[in-house]
Structure formats: C-alpha cells, structure tokens
Amino acid sequence: MGAWPQRLSDNAKIPEPMTFSDQINEYNQTLVGDHNFRWGYLGEQLSRSGHDVETLLQQLAAFQVAIPSWALGTGGTRFGRFPAGGEPRSLEEKIEDVGIIHALNRSSGAISLHIPWDIPHDYAAIRQLLQANDLIIDSVNSNTFQDQSGQPLSYKFGSLCHTDADVRQQAVEHNIQVAEYGQKLGDECKTLTVWLSDGSDFPGQHHFRRAYQRTLESLQTIYNALPPDWTMLIEYKPYEPHFYSMLIPDWGTSLRLSEGCGARAQVLVDLGHHLPNTNIEQIVARLLHFGRLGGFHFNGSMYGDDDLTTGSIKPFQLFLIFCELVQAAQDAVVRNPPVAYMIDASHNLKDPIEDLLQSVQNILTAYAKALLVDTDALFDAQEANDAVRAEEVLRDAFMTDVRALVAEAIRRQGGALDPIGLYRHLSIRQQRIDTRGKLAVATGL
Ligand code: PSV
Ligand code: MN
C-alpha cells in the first residue's frame, strides 16, 4: 500500500472536482442495468399497443412544474413548527435548493415568488444565479392576507373587497408593485397570481353583492395596469382563513371575475381548495371548455387545504385531471391558453426537498398515464353509452406501471434515475445543515 495522499507525478493533472452532473451520471451507472431491463419491457409493451415511445418521452421531458419559493421550508401549523434544519434563509438559498431539485428531476425549471416574503434586492445577481441553476422565475404572487410591518392600513377586514376605498387602493397598488418586481426578474415572468383571503366569519357581516362588485373593480384596475403580455390568475378557495364566506369561494366566482377583467385573466385551480369529494376533473374540463384555465396549484388533500404531497391521497383523481388536460390539448375545438403548473404545498413533516421531488414524480406519473389513454376507444365507448368499456379504457392506462417511462424521460435530460435516492445518497440535507445551521428557518410562511 502506498502512502496516502499519494504523490502525483510531476506531469499528472490534478483531478477536477466532480460536478453535480458527474455525480448524477455516476449514480445512474449503479441503477442503469435494472432500469434498462424494466424500460426495455415497458417500451416494448407501449410500442405494441401503438404508442410512439419517442413522442411520449418528449412530452414528458417538456412538462415543467414550477416550485413556489415558500415550499422549501417546513410549513408548520398553527400549533407549531418543526424545522427540517438547513432551510433556506434567503431568496438566493431558495434558488439553490430549487436548482438541486431541477438538476435531479429536470422537470422543475421554474420558481414562483411570493411578495413580500421574497423580495429580490440585487436583480442582476438573482438573474445570474437563476441562469447558473438553469431556472427561471415564471410568476409572482401578491399577499394581501397578512399585514406587513409599517403598512399604513390593515387587511383585517379584507383587501380588494374592503369597504374603505383607501384599503382597496393600497391592495391594488401592492398587486401592481408585485408585477413590477416580476418584470425586473426576466422576460419569462409574465404571470401575476392573486389569491384573496377576503371573506367574512359571521352571517350578515358582508353585503355579498357589494363586496363582490368592489372586488371586481379592484381586480379590473390591477389587470388594466399589467403589461399587455401579462396574465392574471385568480385563485379560489371555499374556506380558510374565513369560515362563513370567502369572497372567491369557487371556480364560478373566479370565472366571472376573470371574464369581467379581460381575456388574459384566467382561473387558477388549487387542488386543495375544494370541499371533500368535489369533482375537480369536471371543473377542469369546464374551464378548458371556456378557455379560462390559467394555472394549477398541485397538492394532496384529505379534508381541505391540507398541503399533503400531490398524488399521495387520490392518485386516480390526479390521473383523471390529467386526462382532461391531455384530451383538451389534442382537441382543436379547445382554445385554452397554456396552463401554468405549480406545486403549492408546504408540509410540516417531510424534508421539503424530498416532498417536492416526490410531488413532481407523482405529477409526471399521472401525466404519463393520461398520455397512454386510448382516447379514440374512450370516445367510442362514450358515444355508445358503454360505461363499462369507457372505464376499462381509463383503468388500462391508469394501471400501467409507468415508472420506467418517467425515469427514462428524466435520464435522457441528464437527471437522476432515482432523484430522491440520489438526494439521500449525497446527504444534501446534512450538507445544508452544515452550511446553514440546524436552526435555519426558511423565510416566508
Ligand atoms: C392559499 O391557501 C394559497 O393556496 C395561495 O395560493 C397562497 O398564495 C398560498 O396558498 C400561500 O401559501
Ligand atoms: Mn394555492
């Protein structure tokens, strides 16, 4: 055995440190044999059923789900918070974390910012960091659900719906300012998402019609102030933080408000913002039919806005939602603008990065299965009122194990065959704890 460290001969080159991409390749080498076996079988099976495997891989590769800047830390509940350790303390550190996610799965190339939780300061530096991590900021979210320190007027009794015109004006100006931050973050950022916590807690507290009208007018003012190529997404939620009425409780209200603003105002569907057992796939189909589905917030829901991992509770529903999206994309009659996909979940328990990786994996899986549906057979069965056959066509796609297809799509883009496996193998959370500290708590929520 030679001494360690061994002397390098004079002309030997000092080895370059491993890049993250080298680490991904090295890790993939350990899994590729098994993967090739499973992918070989699935690829053959799909080809035999008439699918163009290359097209499927391209469709999956093109699918991107944005990561919200507020999901990189543990969310907590009103009863407490249990930080993961090494949580990102600044926008820059959040970008680094999303950079890791995107490098691992190649499907999370965009970030959505919540203002004022994540106000950029050095725009040039942020843009550089985004570029270095192969990321963009694609949307910005306003926040009139909390009072900020130094804010002159309170949102305790609402923002865009408020009875006091000065409060409404303050909230309108905030939204316009949020879009201005977005414009400085790069050409890719062209979406303002508005979620209002406005609502009432007791019968009689709100004049429903007047409150609606005031909200519409406030939204119109914001919309008219946006650059002409910007989209405004209007998100609905049935309850929380108010428990008697929410100003925008449902997709019908969001739809009417967006129609009242203009063509670039669209409805945003957050999966957790429905009462239990709501048929979300039907809502999605309706909005697509009206050309007003602008965006998605993915998460998993058991009872309400639970922020569970997307696809963890109702994978079949997620699949059915994707079936609607896929069918609409193939239908020339549908005139819906491109849909902005984002995860909106911030849970208490899991490592946030693992939770996000798992969510994206579940989303890609649902999408891949939806791409496998034999739509001609489905439509024939529907026309013939053959309910059994129609359901079997869907089940046939849903029951297909598409994990090797998703893995192959990610691998071909340079991502990891097992993103969570590699994240753990490299002890990235521990590295974060070492550099940022055990008690580092993410800014924002
Ligand atoms: C509200 O529950 C919401 O879904 C909105 O999208 C907010 O922007 C986000 O959550 C904040 O956590
Ligand atoms: Mn949301």
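Guide: Helix H11 (residues 375-383) and helix H12 (residues 387-398) pack at an angle of about 160°, their axes 8 Å apart. Those axes are lines fitted to C-alpha atoms over the stretch in contact, with angles running from 0 to 180 degrees between N-to-C directions; the helices themselves are DSSP runs (H or I, at least four residues), numbered from the N terminus. H11 and H12 are therefore roughly antiparallel, a label for angles over 145 degrees. Their crossing is left-handed, that is, the near helix is turned anticlockwise from the far one by less than a right angle.

This is a predicted model, where local features need pLDDT of at least 70, side-chain atom pairs count only at pLDDT 80 or more, and totals for chains, interfaces and linings use all residues. Residues are numbered from 1 along each chain as its sequence is written, while chains are lettered from A and ligands numbered from 1 in the order in which they are written.

Now for who touches whom. On the H11 side you have Ala377, Leu378, Ala381 and Gln382, and they meet Arg389, Ala390, Val393 and Leu394 of H12; contact here means C-beta atoms, placed from the backbone, within 7 Å. Sorted by type, the residues of this contact come out as six nonpolar, one polar and one charged. Nonpolar covers Ala, Val, Leu, Ile, Met, Phe, Trp, Tyr, Cys and Pro, charged covers Asp, Glu, Lys and Arg, and the others, Gly among them, are polar.

Definitions and conventions. Helices (H or I, at least four residues) and strands (E, at least two) are DSSP runs, numbered from the N terminus. Angles under 35 degrees count as roughly parallel, over 145 as roughly antiparallel, 65 to 115 as roughly perpendicular and the rest as oblique. Two residues are in contact if their C-beta atoms, placed from the backbone, lie within 7 Å.
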